[in-house]
Amino acid sequence: MLTVTEIFYSIQGESTRAGCPCVFVRLTACDLRCSWCDTAYAFLEGRKMSVDDVVAAVDQYGCPLVEITGGEPLLQEDVYELMDRLIGAGHVVMLETGGHRTIARVPAAVFKIVDVKCPGSGESGKNDWSNLDRLAPHDEVKFVIKDRADYEFARDVIGRYGLADRAAAVLLSPVHGVLEPRALSEWMLADRLPARLQVQLHKYIWSAETRGV
Ligand code: SF4
């Protein structure tokens, strides 16, 4: 069984697949409390669903792309069966994870978006750095940037771990409403940073408060 906050069909707002139609499976619970978290409603809410029920709910949209997110999706043991089932059914499966739980058991075919928490999140002490050695070439690494100190932290990590050569993309995402994308862009350009600016597209299409998009 899985505890599920919501399943919905929307436009992918993040990652290199931003702009693509996608089904989202948001699993309940998270063991972090990032200062800028925009999905706190996924900490506690949720309903029990079998893996069969989740797969059926996804399939009704007829969409090849699926993202499993949270909360922190790797907290629930049955997420592994869910990923296997969705891959077996022919879906392109993305997994968004906070970067503090090991990605060692995630099926190889899954496209992982692995966060590295910066100091401004208040949770940077929880990063599982061994995850960066487990990245597949098709995976992506994401830093959410709150301020200049976060940017400098991300820049150092990108260089120290050679992330531009390990992952398909290194994403820098300004905290919506806190850091102007223009400021982050100018820092990236000044440093010739081998990374990609990411804005949360869904917050521009709808609003920062709209759920289920
Ligand atoms: S890991 Fe994600 S869901 Fe958990 S507190 Fe941080 S931003 Fe929120």
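**Charges and rings across the fold**

Lysine 142 and aspartate 115 form a salt bridge, with their closest N and O atoms 3.9 Å apart; the term stands for a side-chain nitrogen of Lys or Arg within 4 Å of a carboxyl oxygen of Asp or Glu. Lysine 142 belongs to strand 7 and aspartate 115 to strand 6, so the pair ties together parts that are 27 residues apart in sequence. Strands here are DSSP runs of E with at least two residues, helices are runs of H or I with at least four, and both are numbered from the N terminus. Lysine 142 is buried at a relative accessible area of 6%, and aspartate 115 is buried at 7%. Buried means under 20% relative accessible area, exposed means over 50%, and partly exposed is in between, using a 1.4 Å probe and protein chains only.

A word on where these values come from: this is a predicted model, in which local features need pLDDT of at least 70 and side-chain atom pairs count only at pLDDT 80 or more, while totals for chains, interfaces and linings use all residues. Residues are numbered from 1 along each chain as its sequence is written, and side-chain values use heavy atoms, with hydrogens and water left out.

Which residues join Asp115 and Lys142 in a network of salt bridges? Glu14, Glu96 and Lys117 are linked with them. A search of the whole structure finds 16 salt bridges. One of them brings together the side chains of aspartate 38 and lysine 203, at 2.6 Å from N to O. Aspartate 38 sits in the loop between strand 2 and strand 3 (47–49) and lysine 203 in helix 6 (residues 201–205), so this pair ties together parts that are 165 residues apart in sequence. Aspartate 38 is partly exposed, at 37% relative accessible area, whereas lysine 203 is buried, at 12%.

Another salt bridge joins glutamate 81 to arginine 85, at 3.8 Å from N to O. These two residues are separated by about one helical turn because they are four residues apart in helix 2 (residues 79–88). Glutamate 81 is partly exposed at 38%, and arginine 85 is partly exposed at 32%.

Now for the rings. The whole structure holds five aromatic pairs, meaning rings of Phe, Tyr and Trp (its six-membered ring) with centres within 6.5 Å; planes under 30 degrees apart count as stacked, over 60 as edge-to-face and the rest as tilted. Phenylalanine 8 and phenylalanine 24 are stacked, 5.0 Å centre to centre with 10° between the planes. This pair links distant parts of the chain, with phenylalanine 8 in strand 1 (residues 2–11) and phenylalanine 24 in strand 2 (residues 21–27), 16 residues apart. Phenylalanine 8 is buried, with a relative accessible area of 6%, and phenylalanine 24 is buried, at 6%.

Tryptophan 129 and tyrosine 161 are stacked too, because their ring centres are 5.6 Å apart and their planes are at 5°. Tryptophan 129 is partly exposed, at 29% relative accessible area. Ring pairs also bring in Phe153, giving a cluster of Trp129, Phe153 and Tyr161.

Charges and rings meet as well. Arginine 33 lies over the face of phenylalanine 43, at 3.7 Å from the ring centre; this requires NZ of Lys or CZ of Arg within 6 Å of the ring centre and within 35 degrees of the ring normal. Arginine 148 lies over the face of tryptophan 187, at 5.2 Å from the ring centre.
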